[in-house]
Amino acid sequence: MTFSQPIGKSTPLPATVTAAAAAATSWDLIIVGAGPAGGAAAIRTARAGLRVLLLDRDSFPRPKVCGCCLSPLALAELDDLNLKATQQQPASPQAGCRIPLGTVQLIANGRAASLRLPPGAVQSREALDPALVRSAIDAGAAWLPRTRVTCCRPTAASVTVRVATADSGDQSLACDRLVLAGGLADAVRVETANGSRPADRRRPPNNRIGLGATLPPASGSLPAGRLVMAVGRSGYCGLVRLEDGRIDLAAAVIPASVAAAKTPAIAVADLLTEAGGAGPELVDRTAVETAIIRATPSLTHRTPVVDAGSDRIYRVGDATGYVEPFTGEGIGWALHAARLLAESILGPTGQLRPPAEAAAHYRRQHRHGLRQRHRRCRLVAVSLRSPLLVGAAVRAAARFPGAAAALARLATGSRPG
């Protein structure tokens, strides 16, 4: 897929339904959040013939704090979705196409080591997410951007969703099932007879936050197809060249480092300098210091995949649980979880499963499909908190590249290619 203009200036993806028309329709499924998890869930359920409404608080395309790496799991899920709009074109990495990714350069304590990665790819979220939404629309889903969900109220027979729109004010939508795919910032409250409550989200102590930006193409000499991971005492930062030439920057840092610096951008620049990755050979420090930085809430968390008070409300993707994304698996987890959700909601003949049966199936499948992946990534994230251990790993990787490649496969959970 190519664009006639730069990604950041692309024409917004228009709505296919008005808020008033959405309020007058009885939906099988309303999906809140059109990232990889929400978009993939909409594609799969709409293709099965369900009446699906996909909505998001933003207009598309829009930037996101994300490493933009597609792991082997993500590529497999995208291939299963058969998205022609995201197919790889390695000979000409134009805007909208995937760039093959096969190398990670680990930098710490002024040392660097290059490791071979299992075959992956890079694609900006400004290209990937609209492609998913377009495929959902093609499958028959309705699309309603610039719509914020304020709360929901489940009953024994349905779920009422209260939304606020820029053009039509507040509206009440009705659906049989509700999917919350709002990511780390999921703030939809569930109304009950005793008031309203947020998600039961559990976060570990000493959690890190995400910081991200996109830098101009001339900000450094980082080659396409290489992921740079710079590790310091305050966290780590990933750098990768996007398909339109920009450099994507995504960091996980302790909040104290941001508080100690004058700005979040300086906190990231200090991390890169400490590791040895800030310089004209990779990325210019001045470009980082002057970048527009976006932040996320605390990264690592655990949230129930099915709402505690209703078997009709499900969460998917980053809204259900997340681990510091050093291995670049966030998009893959989201796409995989969307498939597990769709398989749980849909019965053998494509009809909606009864709520209790669907909820039990989704809990079981999500635990089986993602628990080990999260556990492995959590172990990697904990290891990265030791500068001595990281430094030793970099030195060992530089001396024994074969063993380092095996370690990279273990860290990413991928089999040899």
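In the predicted model, helix H2 passes helix H8 in a right-handed crossing. The axes of H2, which spans residues 36-47, and H8, which spans residues 330-345, come within 8 Å and cross at roughly 30°. Angles under 35 degrees count as roughly parallel, and H2 and H8 are therefore roughly parallel to each other. On the H2 side, the contact is made by Pro36, Ala37, Ala40, Ala41, Arg44 and Thr45, and on the H8 side by Ile331, Ala334, Leu335, Ala338, Arg339 and Ala342. Sorted by class, the residues of this contact comprise nine nonpolar, one polar and two charged.

The structure holds 19 salt bridges. One of them joins Asp244 and Arg246, with the closest N and O atoms 2.7 Å apart. Asp244 is partly exposed, at 26% relative accessibility, whereas Arg246 counts as buried at 14%.

Asp176 takes part in salt bridges with two arginine residues, Arg177 and Arg312. In the pair with Arg177, the closest N and O atoms lie 2.5 Å apart; in the pair with Arg312, the N to O distance is 2.9 Å. The latter pair links distant parts of the chain, since Asp176 belongs to strand S9 (residues 169-180) and Arg312 to the loop between strand S17 (301-302) and strand S18 (313-315), 136 residues apart. Asp176 counts as partly exposed, at 22% relative accessibility. Arg177 is buried, with a relative accessible area of 2%, and Arg312 is buried with a value of 10%.

Conventions. Residues numbered from 1 in each chain as written. Predicted model: local features only at pLDDT ≥ 70, side-chain atom pairs only at ≥ 80, totals over all residues. Heavy atoms only, no water. Axes fitted to C-alpha atoms, helices over the stretch in contact; angles between N-to-C directions. Helix = DSSP H or I, 4+ residues; strand = E, 2+ residues; numbered from the N terminus. Parallel < 35°, antiparallel > 145°, perpendicular 65-115°, else oblique. Left-handed = near helix turned anticlockwise from the far one by under 90°. Contact = heavy atoms within 4.5 Å. Nonpolar A, V, L, I, M, F, W, Y, C, P; charged D, E, K, R; others polar. Salt bridge = Lys/Arg side-chain N within 4 Å of Asp/Glu carboxyl O. Buried < 20%, exposed > 50% of the residue type's maximum accessible area, 1.4 Å probe, protein only.
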